[in-house]
Each structure stands twice: as C-alpha cells, then as structure tokens.
Amino acid sequence: MAQTSNDIKNGSVINLDGKLWTVIKFQHVKPGKGPAFVRTTIKDVLTGKIVDRTFNAGMKMDFETVDNRTMQYSYRDGDSFVFMDMNTYEQVNIPEALVGDQERFLLEGTDCIISFHDGNPLSVELPAAVVLTVTATEPGVQGNRSNAGTKPATVETGAEIQVPLFVGEGEKVKVDTRDGSYLGREN
C-alpha cells in the first residue's frame, strides 16, 4: 500500500530529496475553498535543522523505518563514543559528531536513545535530565548580588553550569541536558 501525505503523524520519518526528516508537528487543513493540504514542521535527522513544509493532501511520500534503541554509554574511544545494547550486549561506536554538545552531560552508565536507519546511527538522545556531582564551585556570598543569586559550578563531566548560592562542592544536582540549566538538588 502506497503511503501518502495523509498518513503523516508526529514522529514519522520521511525521505525528501535523499534526506531524512522527522515530523515534529503536523496539521491537516481543509480550507473552505480549494484543495486540502498538510502543514508540517520537520527536523533534519542529521543536522537538526527545523523547517516548515506544506504538502498537498494525498501526495505520495517515502516513509522510512527508524529503529530507536535504548543503549548505555560505556566509554570514549578516541573520536567516538562506545554504547552498549543492554539486551544483546552488542557494542556500537558512535561518531563524536552525532553526540555533539551533549557530551557535556554524558556520564558512564547513562541510558540514551540511539536512532538507527539501515544499521547506521542517526542520532543520540540523552535523558531530559541527569544527576551530576558538583566538583568545584566558589562559596556563595550573600548580600550585594548582580546575578540573581547564582554562581558558576563545574560538574563531574567538566561542564560548567549556574547553580544557586547554597549549592556546595560534593553535592548532587539535577541538570537539564537540553539547555544545561539547574533543576534542583538530589539526595
């Protein structure tokens, strides 16, 4: 059965001009006058570029199958990262370019979702938040503040984040992996 633009759903992966795109948002539109169409927001799987695209209703499309697997980060090997599938114990080397800036919050033993297409890794997605230990920070000084009560702190992965004045060295903090913001302390 041929698939058309009417089959678009959130999370679908489509092949446009030889590139893979993930559908972030879609809307079927049936105007009072004229033909129906599908308005989408799609993201390039490899580069992360987000664009808006409109397709005619019923237009034939190439949908691709993407395999999302939960894998655990093991260690760094030169310019790649080694992840292990916890079901098959198969180890996979993921190029540094796919991990990108997320490396700042990648700790050994972290479960990540890795997308594969035809056996090739496409993307690495960290959990929304991770718990990290603060390794270095200045003592917080109350009083004359110009930065709303935060100070820089270095966590165990080497990333620098902003934390409240009361957070000290050795404490565990929850960090948002998308923007590096402080979410709270962990016990």
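Which residue in E10 does Phe-116 stand opposite? In this predicted model, in which residues are numbered from 1 along each chain as its sequence is written, local features need pLDDT of at least 70, side-chain atom pairs count only at pLDDT 80 or more, and totals for chains, interfaces and linings use all residues. Side-chain values use heavy atoms, with hydrogens and water left out.

Phe-116 stands opposite Pro-121 in E10. Strand E9 (residues 111-117) and E10 run antiparallel and are joined by five bridges; two strands count as paired if DSSP finds at least two bridges between them. Helices (H or I, at least four residues) and strands (E, at least two) are DSSP runs, numbered from the N terminus. Strands E9 and E10 belong to an open sheet of five strands, ordered E8-E7-E6-E9-E10 with antiparallel pairing. Strand E8 (91-95) and strand E10 (120-125) stand at the edges with a single partner strand each, so one side of each is left without a neighbour in the sheet. From one strand to the next the twist averages 45°, where axes are lines fitted to C-alpha atoms and angles run from 0 to 180 degrees between N-to-C directions.

The largest pocket holds about 710 Å³ of space. A pocket is an open set of points on a 1 Å grid over the protein atoms alone, where a 1.4 Å probe fits, with protein on both sides within 12 Å along at least five of seven lines; lining residues have an atom within 4 Å of a point. The volume is the space filled by probe spheres set on the points, which are joined across faces, edges and corners. Of the 26 lining residues, Lys-43, Val-45, Ser-123, Val-124 and Glu-125 lie nearest the centre of the pocket. Two or more residues each are given to the lining by strand E2 (19-29), strand E3 (37-44), helix H1 (96-99), E9 and E10, and the largest share, four residues, comes from E10.

Ile-8, in the segment before strand E1 (13-16), is buried, with a relative accessible area of 0%; buried means under 20% with a 1.4 Å probe, protein chains only. Beyond its neighbours within four places in sequence, Ile-8 is in contact (heavy atoms within 4.5 Å) with residues including Val-23, Phe-26, Phe-55 and Met-61. Ile-8 and Gln-27 are 19 residues apart in sequence and 9.1 Å apart in space, C-alpha to C-alpha.

Asp-176, placed in strand E14 (residues 172-176), is also buried, with a relative accessible area of 8%. Leaving aside neighbours within four places in sequence, Asp-176 is in contact with Phe-105, Ala-128, Ala-129, Ser-181 and Leu-183.

How values were computed
Buried < 20%, exposed > 50% of the residue type's maximum accessible area, 1.4 Å probe, protein only.
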